[in-house]
Amino acid sequence: MKHGFFRVAAASVPVRVAGCDYNTANICDALETLAAEGVEAVVFPEMCVTAYTCGDLFHNRTLLDSARRSLREIAEFTAELPACPLVAVGCPVEVCGSLYNCAVVIESGRVLAVIPKTYLPNYNEFYEKRWWSAAPERSGEIELWDGGGQVSFGTDIIVEHHGVRIGFEICEDLWTPVPPSSFAAMEGAHVIMNLSASDDLIGKYDYLFSLVRQQSARTISAYVYASAAHGESSTDLVFDSKLIVAENGTLLASNKRWQTGIQSVIADVDIEAVIRDRMHTVSFEDCRRRNAAVPYRCVRSSHSSALEPYAVDDFMDLRRRVDSRPFVPADDSHLSERCEEIINIQVAGLCKRLEATRCKSLTIGISGGLDSTLALLVAVRAFDILGLPRTGIIAVTMPGYGTTGRTYRNAVALVGSLGATLREISIVDAVNQHFADIGHDSSVHDVTYENSQARERTQILMDIANQTSGMVLGTGDLSELALGWATYNGDHMSMYAVNSGVPKTLVRHLTRYFAFEMDDKSCRETLFDIIDTPISPELLPADSSGDIAQKTEDLVGPYDLHDFFLYYTLRYGFTPSRIYLLARTAFDGEFSDDEIRKWLKVFFRRFFSQQFKRSCLPDGPKVGSVCLSPRGDWRMPSDASAELWLAECDRL
């Protein structure tokens, strides 16, 4: 294991029915290739040594003796590999006069364990009880061949390899109401390997696919599945290799179906993430205490301990996708579904708040920027659902020192096209008077200069809400909350913060989704121009050309990076070092290592120092797995020290 990642593979080989020598040669060829790829554990299909479809030949001594010789040959072959992975192959094993359908686990020249199949299907096309016995309740030790030594046998076995604990189940086991892998996971297995021989029927693959993903999610584990391939008997059934690797509900790898020859899929599963999620999901441990009836035995390989701590510069070529925008689905169809879901959550939350307060009026500050635009669009949909006139939405534009013509025009045009009520109130005279009152030189563009404008705007919104018996709708987003990029008791405050669960990288996509849904061409064009406008609080005067001079990402850093840091800090609790390593992979060619290090330190410094703003946030709907509500997901002392995190950033 390296950097907390464990490289696994699911593999299948062409087989001949009862052709053990042919099958074994293909298994060894596949192993040689996978070992060269740095695979640390690989699973082959059920009964791959003999083929699954041997029928009554399974009770023939010739086949059983050949299968045993093949196991020995595979074990001896692994001893010759320079970097031997843990190997699980399917084979019939005779124990005390009974024949079992088994997963045989091999590493570095020796058999570590034999795990029999727990549940035997005996319905429809399956007749397994004709040949095999179900796993016995008692476990123990067996000898596979003379001089081979004692080998652990039973279903209560977890194998530890490179510090990773691996459980095994076989085909039908997964399809039962309570799969054995559920118990193995509760007893500490981080990875589940399934040796399968699942025939192909219409619609079966989709169901199987969802089953694998769901079991990986239910057990908070990595699930590695390999099913029988080309060469199985087609007398009554057809088998197509199905290779799947899933991690906690997420697909990491799968093969292209209906191919011949040796096939494999490789993925680096995140053991550190699995461990963190189990620790965080306390009901996982509660379930273990209630249901763990029999303690599992841990069989250790010759490489059972984890590797030494890694150096930051010593990074592996990850065999998994690290998405640079973890909040944004990469697939357009999924993105549309996600946008609609998020918008519905926001709208439902706002509708409930309006009903509870009996407000028929909303006041919202409109700047011509993304956040206020999204909040306005959500408000419009909520009013439509509740049957309230859109004129009850009081959209207030408040030009100040930094307001540009572009944002002003977009704000006015958007409000008009949506049918909301527009009010324009310049804050310049009021802020100038305030500067005179407190003795501030208006030529000094410091934090007082900026925050005075933000607080003046908030006061206006609050007072208009009082005038109209309404409430102020907040516009700030999740990313701004994480960085504290809001003026305390200024734009930081509202009666309901509808965007508080939405990260900045997703705000743009939500606004674009609304734009494509618009029938009004002028409204759609305005939204697209807002999307293309640089992100800015517009608190400093425009440049000589009248364009935005104060660009947020020049000051606080790229939101693409900050949202990435935020996701892995809150979702998984990763260290700065690990986040940096993942960011180097995700943003390769987009941001330099120096840029990533610089903004990572800014992120942690701001994240800690600005907690006091999050401790008194207004209410707002949670929309995803990452949330900063002090009443819900995130409880952090406002005076916590960032020293450990910043020191680690410095060591990068």
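**Notebook: sheet, cores and a helix pair**

I began with helix H5 (residues 204-218), which lies across strand E11 (222-227), strand E12 (243-247) and E13. H5 runs at about 35° to E12. I note that this is a predicted model.

Next I looked up the sheet itself. It is open, has seven strands and shows mixed pairing. I read the order as E13-E12-E11-E10-E9-E8-E15. Which strands are at the edges? They are strand E13 (250-254) and strand E15 (297-300), and each pairs on one side only. Neighbouring strands are turned by 25° against each other on average, direction ignored.

I then checked how E15 is attached. Strand E8 (residues 157-161) runs parallel to E15, and four bridges join them. Isoleucine 157 stands opposite arginine 297 of E15.

I turned to the nonpolar cores. The largest has 55 residues. Ile27, Val42, Phe44, Val49, Val89, Val104 and Val114 touch the most other members. Elements giving two or more residues include helix H1 (20-36), helix H2 (61-80) and strand E3 (86-95). H1 gives the most, with seven residues.

Leaving out residues up to four places away in sequence, its contacts include Ile27, Leu71, Ile74 and Val89. Among its other contacts are Cys20, Asn23 and Gly90. A second, separate core holds 48 residues, including Ala379, Val380, Leu418 and Val498.

Last, I looked at a helix pair. Helix H9 (residues 370-386) packs on helix H15 (residues 521-532) at about 145°, with axes 9 Å apart. H9 brings Leu370, Thr373 and Leu377; H15 brings Leu527, Ile530 and Ile531.

How values were computed: Residues are numbered from 1 along each chain as its sequence is written. This is a predicted model: local features need pLDDT of at least 70, side-chain atom pairs count only at pLDDT 80 or more; totals for chains, interfaces and linings use all residues. Side-chain values use heavy atoms; hydrogens and water are left out. A nonpolar core is a set of buried Ala, Val, Leu, Ile, Met, Phe, Trp, Tyr and Cys residues joined through side-chain atoms within 4.5 Å. Buried means under 20% relative accessible area, exposed over 50%, partly exposed in between (1.4 Å probe, protein chains only). Contact means heavy atoms within 4.5 Å. Axes are lines fitted to C-alpha atoms, for helices over the stretch in contact, and angles run from 0 to 180 degrees between N-to-C directions. Two strands pair if DSSP finds at least two bridges between them.
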